[in-house]
Amino acid sequence: MKITGVEAIPIKIPLKKPFAIAVGTITSTNHVLIRMTDDQGRVGWGESITFHPVYGYDQRALFQVAHDHLIPAVIGLDPRDMAELHRRMDLAMPHNLMAKTGIDIAAYDLAGQAAGAPIHALIGGRRVEAVDQIAPIDLVPPDQAARSAAEKRDQGFKCIKVKIGLDAAQDLARVKAVREAVGPGTPMRVDGNSGYDRATALRVFRPMEEVGLEWIEQPLPGWDLEGMAMLARRLDTPIAVDESMYTDHDAALCIRLEAAQVVNIKVAKCGGIYRSQKIAAVCRASGVPCFLGGCIETAVGTAAALHFYTATPNVVSSAEIHGSPFYVDDVVEEPFTLKDGALTVPTGPGLGIKVNEDKVRKYTLTY
């Protein structure tokens, strides 16, 4: 079995409404789909995504890295040999993990199709049939945040995630308003997206954690592991890392410095399923739980993340991977739909989804 062709396809699908976080606002997809074929005529799909204020390169760069460097490196390889696939990509272009994600997922899709089995059966099995999803609340006024959170709870979401990190006073008011709206029994977490400095974080989190938080995600810049460790010592609420976490080496360092009591793994950000499981293994060996984050993927990336979640024992709590509702459309025949606030893990071969190539062509950009 060999990879015979790979195509990088940049697409743009508008969001239904802008989504604001501490470092910027997203208005459309920044995705690059990967279409991979093998010598038996099978087609595998993958998805890469970026957001340049966070990750440092834009969609054009994502496409160029894949097209010019990564794709030539994997032609002729066996998609089932994931270690060799990643070794060749690393030789061709170091770093650039988000560009490597799409190729990783497409190769897993082909491997699953060849085996007649879903991806999760190849990487550890299915421990859950469905994955609970969080309801994200972005940087909106407190009254709007409260209304949105109450609606999401009533729709069946079992956990609320509130974006913070831009204005400490507004952040505190937003979190308190959401807690009042959803009541004490609904799990809540907050995400600073690296927006605070140390002094602001200490000042705002002491009163904020009184509302009861599952954890506090990435309040400080990704490089400030000493500051994250200081917060972990001085606050009662666990500190989670995201922007500090890309590789298994990052996981080992964060854990050793006691900067991470919880680790956010994003398949889209960390180089795909293969590398994400390496991160999870480091965390598991140290007794540190992980949770599954997302980058507002289409159904292609969502399917990959669902397979990773169900096959990885130390991934806990609700996930943040349901991107389809944010967009005006998706690229698959049947987008994922929520049932009681959860997404069902696909059971068909490979990713277990069917990409609509007419829709892919409709939303394709030309670089």
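Reader: Are α3 and α4 roughly parallel or roughly antiparallel to each other?

Author: Please note that this is a predicted model. In general, the angle between the two N-to-C directions decides the matter, and values over 145 degrees count as roughly antiparallel. Here helix α3 (residues 82-92) and helix α4 (residues 97-115) pack at about 155°, their axes being 11 Å apart. The two helices α3 and α4 are therefore roughly antiparallel. From α3, the contact involves M82, L85, H86, M89 and D90, while α4 supplies K100, I103, D104, A107 and Y108. The crossing of α3 and α4 is right-handed.

Reader: In what order do the seven strands of the open sheet lie?

Author: Strands of a sheet pair through backbone hydrogen bonds, in either a parallel or an antiparallel manner. In this model the order is β7-β8-β9-β10-β11-β12-β13, with parallel pairing. At the edges are β7 (134-137) and β13 (290-292), each of which pairs on one side only. Four bridges join β7 to strand β8 (residues 159-163) in the parallel sense, and I137 stands opposite V162 in β8.

Reader: Which residues have the most contacts inside the largest nonpolar core?

Author: They are F205 and V263, in a core of 119 residues. Helix α12 (residues 299-311) gives the most to this core, namely nine residues. Leaving aside residues up to four places away in sequence, V263 touches V241, M245, I279, C283, V288, P289, C290 and F291.

Terms used. Residues numbered from 1 in each chain as written. Predicted model: local features only at pLDDT ≥ 70, side-chain atom pairs only at ≥ 80, totals over all residues. Heavy atoms only, no water. Pairing = 2+ DSSP bridges. Core = buried A, V, L, I, M, F, W, Y, C linked by side-chain atoms within 4.5 Å. Buried < 20%, exposed > 50% of the residue type's maximum accessible area, 1.4 Å probe, protein only. Contact = heavy atoms within 4.5 Å. Axes fitted to C-alpha atoms, helices over the stretch in contact; angles between N-to-C directions. Parallel < 35°, antiparallel > 145°, perpendicular 65-115°, else oblique. Left-handed = near helix turned anticlockwise from the far one by under 90°.
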